[in-house]
Amino acid sequence: MSFDGATLYVSVGPNPRLVRMFLAEKGVTIPEQVIDLRGGENRRAPYLEMNPGGQMPALRLASGQVIAETVPICEYVEDVAPEPAFIGPTSEERAETRMWVRRVEQLYVRPMIDAYRYGHALALFGERMRCIPEATPELKSLARDGEAWIETNMVGPFLAGDRMSLADIIMYCMMDFAEQREVLTRDPSLVKLPEWFDRMAARPSAESSRALAY
């Protein structure tokens with residue numbers, strides 16, 4: 001199997017960026033088509049006919065099948081190109097990666113992104129989805145709590161221990177977005193997470209995926 005004939009639909013934002021960073025770490029190149037998210041291109045035809053959820057990014061295969069959502073896209077890429085493994089070569093490592101992905105998404109990503117949409121980007125998202133502006137302060141607090149929990153439970157240089165995984169890529173791209181968009185600033189009480197962030201930021205894939213990141 002290969003990625004011949006595939007197209008990766010990307011836009012501004014942390015979700016397309018994390019897939020692009022994952023691909024860079026894998027050494028995989030897939031032709032891209034940029035969608036104007038700010039202009040709402042992802043919320044109308046023809047994109048919406050291809051991906052009814054309107055999410056970004058999306059991967060269209062040569063067969064015409066479309067894979068939406070970041071984690072399934074990355075899982076598919078690793079199935080096709082197993083090495084180097086960032087989800088895991090064994091059942092145990094794959095389970096550990098998925099556990100950390102779930103933790104990162106629930107504890108940090110969801111409250112941070114909702115705080116961004118309901119607050120900083122309300123003018124953009126207010127007409128596209130149900131927003132709760134008054135929830136923004138508490139959502140930021142939830143994201144802070146998530147950062148603290150992740151810091152406390154890190155047991156190595158990366159979230160899953162001694163190996164970098166998809167969970168690290170997701171967390172890094174989301175934290176970088178939160179800082180650049182001033183949704184959250186670095187918590188001065190944290191030690192391990194800022195050191196981890198700086199290590200991730202120094203990776204070539206972090207720089208090569210930065211275009212369209214914010």
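Me: What share of the contacts in the chain with a separation of 6 or more comes from residues 24 or more positions apart?
Reply: In this predicted model, residues 24 or more positions apart account for 69% of those contacts. Contact here means heavy atoms within 4.5 Å.

Me: What makes the chain agree with a compact globule?
Reply: For 214 residues, the radius of gyration of a compact globule would be near 17 Å, and the chain has 17 Å, so the two agree. The C-alpha trace spans about 50 × 45 × 25 Å along its principal axes.

Me: Why is Arg20 called buried?
Reply: Buried means under 20% relative accessible area. Arg20 has 16%, so Arg20 counts as buried.

Me: How do you know that Arg20 and Glu32 form a salt bridge?
Reply: The cut-off is a side-chain nitrogen of Lys or Arg within 4 Å of a carboxyl oxygen of Asp or Glu. For Arg20 and Glu32 the N to O distance is 2.9 Å, so the pair meets that definition. The pair links distant parts of the chain, with Arg20 in helix H1 (residues 14-26) and Glu32 in strand S2 (residues 32-34), 12 residues apart. Glu32 has a relative accessible area of 38% and is therefore partly exposed.

Me: What makes the pair of Glu25 and Arg203 a salt bridge, and which parts does the pair tie together?
Reply: The side chains of Glu25 and Arg203 meet at 2.7 Å, N to O, and the cut-off is within 4 Å, so the term applies. Glu25 lies in helix H1, whereas Arg203 lies in the loop between helix H8 (192-201) and helix H9 (204-208), so the pair ties together parts that are 178 residues apart in sequence.

Me: Are Glu25 and Arg203 buried or partly exposed?
Reply: Glu25 has 15% relative accessibility and counts as buried. Arg203 has 26% and counts as partly exposed.

Me: How many salt bridges does the structure hold, and which residues are linked in a network?
Reply: There are 12 salt bridges in the structure. Arg17, Asp176, Glu207 and Arg210 are linked in a network of them.

Me: Which peptide bonds are cis?
Reply: Among them is the bond from Ala45 to Pro46, with omega near 5 degrees; Pro46 sits in the loop between S2 and helix H2 (47-50). Another is the bond from Met56 to Pro57, with omega near 0 degrees, and Pro57 is in the loop between H2 and strand S3 (58-60).

Me: Why is Glu182 called exposed?
Reply: Exposed means over 50% relative accessible area. Glu182 has 60% relative accessibility, so Glu182 counts as exposed. Glu182 is in the loop between H7 and H8 and has a positive phi of about 60 degrees although it is not a glycine.

Note on methods: Residues are numbered from 1 along each chain as its sequence is written. This is a predicted model: local features need pLDDT of at least 70, side-chain atom pairs count only at pLDDT 80 or more; totals for chains, interfaces and linings use all residues. Side-chain values use heavy atoms; hydrogens and water are left out. The radius of gyration is taken over C-alpha atoms; the globule rule is 2.2 Å times the number of residues to the power 0.38. Helices (H or I, at least four residues) and strands (E, at least two) are DSSP runs, numbered from the N terminus. Buried means under 20% relative accessible area, exposed over 50%, partly exposed in between (1.4 Å probe, protein chains only).
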